[in-house]
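Colleague: Please take one part of this model and walk me through it closely, with the cut-offs spelled out as you go. I would like one connected account.

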Amino acid sequence: MQLAKIKEVKASYNDAFLPNHDPGWEASCLTDFAKISSVTEQEFRTPEFQRFLWELDDIASIGPGNSVTVPGAYQDVEIVEVLWQLKQWIPSQDVISRASHLDAEYNRLIGLVSPRHNLRRPWARLARLFWGLRPEEMLCLVDSVRTNKFRVWLEQPTQGLGFIGQHVISRQALREALGPEASPTDHVLYSQFSWHVWKQLNPKQPEAITKPEVVGTKVTDTPQLAILPAKVQRKGISYVSNNLALLLSIVRGAENGNDRESLLHQIADEVPTLSSASRVNVLSQAPSLGLLSVEGGTYRPTAAGKALLEGEPPADVLTPIMVRTVFGFAHILDDLGYAGTLTRLETSQKCRSYYPRWTTDFAPNQLITWMRDLGLVEIKGVGKQALIKLTESGEYWRSGLPNEIKIPSLLLSNELPDEKALEEVAQEEATSLVPDFVTPSVDAILTRFHQDDRLKTLVFTDAQIRMLHAALHSAQGKRFVLLAGLSGTGKTSIARGYAQAYCEARSLEMKAHYAQVAVWPDWTDPTGLLGFVNPLANPPTFQETPALQLLLAAHTNPDKPYFLCLDEMNLARVEHYFAPFLSAMEGGNGRLTIHANRDAVDAIPSSIAWPGNLFVMGTVNMDETTYPFSDKVLDRAFTFEFWDVDLERWSQVAAARENAKTAVDLLQPVLKQLAEALKPARRHFGYRTCDEVLGFVMAYPEAEHEIALDAAILAKVLPKVRGDSGGELPKAIDKALEVTKAANLMRCTDKLTQMRATLQEMGAVRFWY
């Protein structure tokens with residue numbers, strides 16, 4: 001510990017604890033600390049006092065963190081209770097125990113506040129609240145960058161602690177060097193000491209043009225960033241999947257010194273499918289980003305690399321480096337800061353306008369991907385219309401950008417871009433590090449079917465759901481099933497219901513993980529599913545589809561499930577429009593071809609590795625309007641038939657509807673007998689028909705339900721009765737006549753009598769003649 005240096009800094013102030021400290025700010029801190037310390041429990045729990053706790057602007061400004069408001073937390077009983085217990089907490093004498101406890105409470109509160117009261121996490125706001133609530137353990141450094149710098153200056157190890165824990169051990173170091181705090185004033189002075197040291201450690205750099213700070217010692221939350229002249233900045237930085245994780249692994253591999261070949265072998269062992277050119281490129285990034293130094297052929301971590309190994313957030317280490325050395329990185333941060341939200345296309349076009357030699361969106365898109373992995377931006381959607389906005393971390397770093405980054409003279413360069421080389425490296429990559437895909441148990445999925453109010457209304461057996469689950473997990477890469485059979489038996493419902501239960505078992509919102517696409521009879525090629533390039537636009541644009549957006553999302557997030565339901569799949573010839581899918585899912589390393597262009601168009605690549613996390617379910621109706629399946633399709637899918645209709649189970653579900661029991665009791669026996677009569681001829685009906693007949697009957701007064709039932713069956717059931725006399729149809733019509741006569745359905749009886757006569761006379765019959 002730098003005990004002597006702490007005392008030396010303190011001694012340099014002569015009689016004043018700090019030079020030029022702000023008495024007004026000091027008074028504000030003491031007033032707020034006293035108010036918090038003396039508050040009664042009853043007052044503490046009021047929304048007014050909770051608002052005061054979360055809005056301690058008098059003692060610390062948190063810069064961009066001010067935009068992360070949490071008014072809902074003021075009346076959240078669970079959050080208020082945690083804060084009250086934190087105020088009443090009796091600390092241990094052991095510093096690590098205290099640090100660990102406050103770390104855990106900080107993370108606990110973050111989890112309670114977000115996303116419940118704000119999708120963004122109020123890191124700085126909560127750190128300031130901790131300082132107000134426990135001033136004896138905290139410093140006024142309410143961001144991790146300053147806190148970490150001050151801890152390093154104190155030569156204190158991280159001890160595996162987080163952001164708040166580092167405050168605790170830093171305060172303890174000051175306490176040991178300068179003596180215990182004698183009064184609340186000392187809490188303020190010790191915090192000012194840390195702020196003064198931070199200012200000494202981080203003087204403004206010549207290249208940086210920083211935004212104005214608040215005068216005095218009142219805390220601001222604005223970093224100081226510097227940018228090299230545009231001419232010497234690198235024009236783009238390549239990206240391979242999980243590049244950041246791979247970069248951290250390289251730094252770890254060089255911790256005790258390592259040579260180039262050994263590190264390349266390490267990369268190859270971790271990602272066997274990564275091309276040799278990509279391995280060399282990733283390794284070269286580590287020294288160029290200042291994470292490794294090379295002396296005598298030996299790679300070792302620099303100070304920045306060591307900071308990563310010690311657990312400092314990658315964004316805190318790499319963002320200043322990227323802003324300083326990589327052209328376009330700062331410009332995208334700044335554009336998003338001003339606009340709030342931009343599409344991927346808008347972001348890329350703006351960035352390209354700053355460097356006209358970029359002729360495609362490739363280099364800007366690489367920068368966006370780096371920003372995503374560093375947690376600076378969040379991206380919603382896929383493709384050119386994906387929405388991009390800064391995260392809280394992104395807003396923090398954007399606040400420290402120089403003011404003059406877009407002067408025209410700083411945007412022009414005679415240097416040729418290395419964009420084409422970047423593209424060639426990226427195209428050679430087949431796959432990269434893939435996170436583990438977690439499969440929920442079939443029991444967890446069944447639990448959702450039994451408990452969810454909507455799923456409980458679906459008439460399926462546990463055995464059917466177990467078979468579907470097994471088929472979709474029997475062969476990784478061929479998660480493909482065909483759901484065939486009678487129309488209206490719930491084939492689409494089971495596909496959607498299974499996806500919902502699966503996502504809920506994984507704590508995911510189904511909306512972003514499920515797409516239902518209706519197949520059109522005129523599909524003769526894959527463009528209906530995969531979209532197409534519009535060559536008439538300048539520059540060319542890509543017409544996306546919901547199926548393509550789902551595929552790209554699955555490719556981007558290999559650890560999450562995605563479900564594609566193709567409704568009425570055989571209305572067109574499957575071999576024509578589904579050919580790229582059939583080819584890609586064959587074998588372990590298949591690629592799905594999206595378009596024929598060599599380069600990406602509107603951020604849509606020409607091909608992607610087949611997503612092993614994609615579940616494809618196709619519904620099929622086999623009649624004269626549809627096409628049969630070839631063996632090429634059947635070889636890749638499990639096929640399940642849905643011909644049996646459980647009307648007993650349906651009636652139990654239907655009778656639970658409001659005011660439906662009387663109508664169900666009337667029509668259930670008739671529908672059941674009709675279904676049994678028509679089933680041998682495969683002219684029976686499914687649950688959808690039953691639901692519609694029930695709805696029709698319930699639209700009539702109860703006294704007219706029998707009349708309504710006659711009309712409903714005539715309109716919904718009998719039109720599907722057709723065929724010739726060579727099969728089971730004559731017997732089916734005779735049995736159906738017995739049912740309608742017994743139920744006194746006169747209109748149905750007359751129609752069936754007419755149809756039977758036509759069948760006997762003509763040898764074939766349809767409802768319409």
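**A helix pair and its loops**

Modeller: Let's start with R682, which sits in the loop between α30 and α31. Helices (H or I, at least four residues) and strands (E, at least two) are DSSP runs, numbered from the N terminus. This is a predicted model, in which local features need pLDDT of at least 70 and side-chain atom pairs pLDDT 80 or more, while totals for chains, interfaces and linings use all residues. Residues are numbered from 1 along each chain as its sequence is written, and side-chain values use heavy atoms, leaving out hydrogens and water.

R682 is not a glycine, yet its phi is positive, near 55 degrees. With 44% relative accessibility, R682 is partly exposed; buried means under 20%, exposed over 50%, and partly exposed in between (1.4 Å probe, protein chains only).

N659, in the loop between α29 and α30 (661-678), also has a positive phi, about 60 degrees, without being a glycine. N659 counts as exposed, at 68% relative accessibility.

Now the helices: the axes of α29 (647-655) and α31 (687-698) come within 11 Å and cross at roughly 40 degrees. Axes are lines fitted to C-alpha atoms, for helices over the stretch in contact, with angles from 0 to 180 degrees between N-to-C directions. α29 is therefore oblique to α31, since under 35 degrees is roughly parallel, over 145 roughly antiparallel, 65 to 115 roughly perpendicular, and the rest oblique.

L647, W650 and A654 of α29 meet Y687, C690, D691 and L694 of α31, contact being heavy atoms within 4.5 Å.
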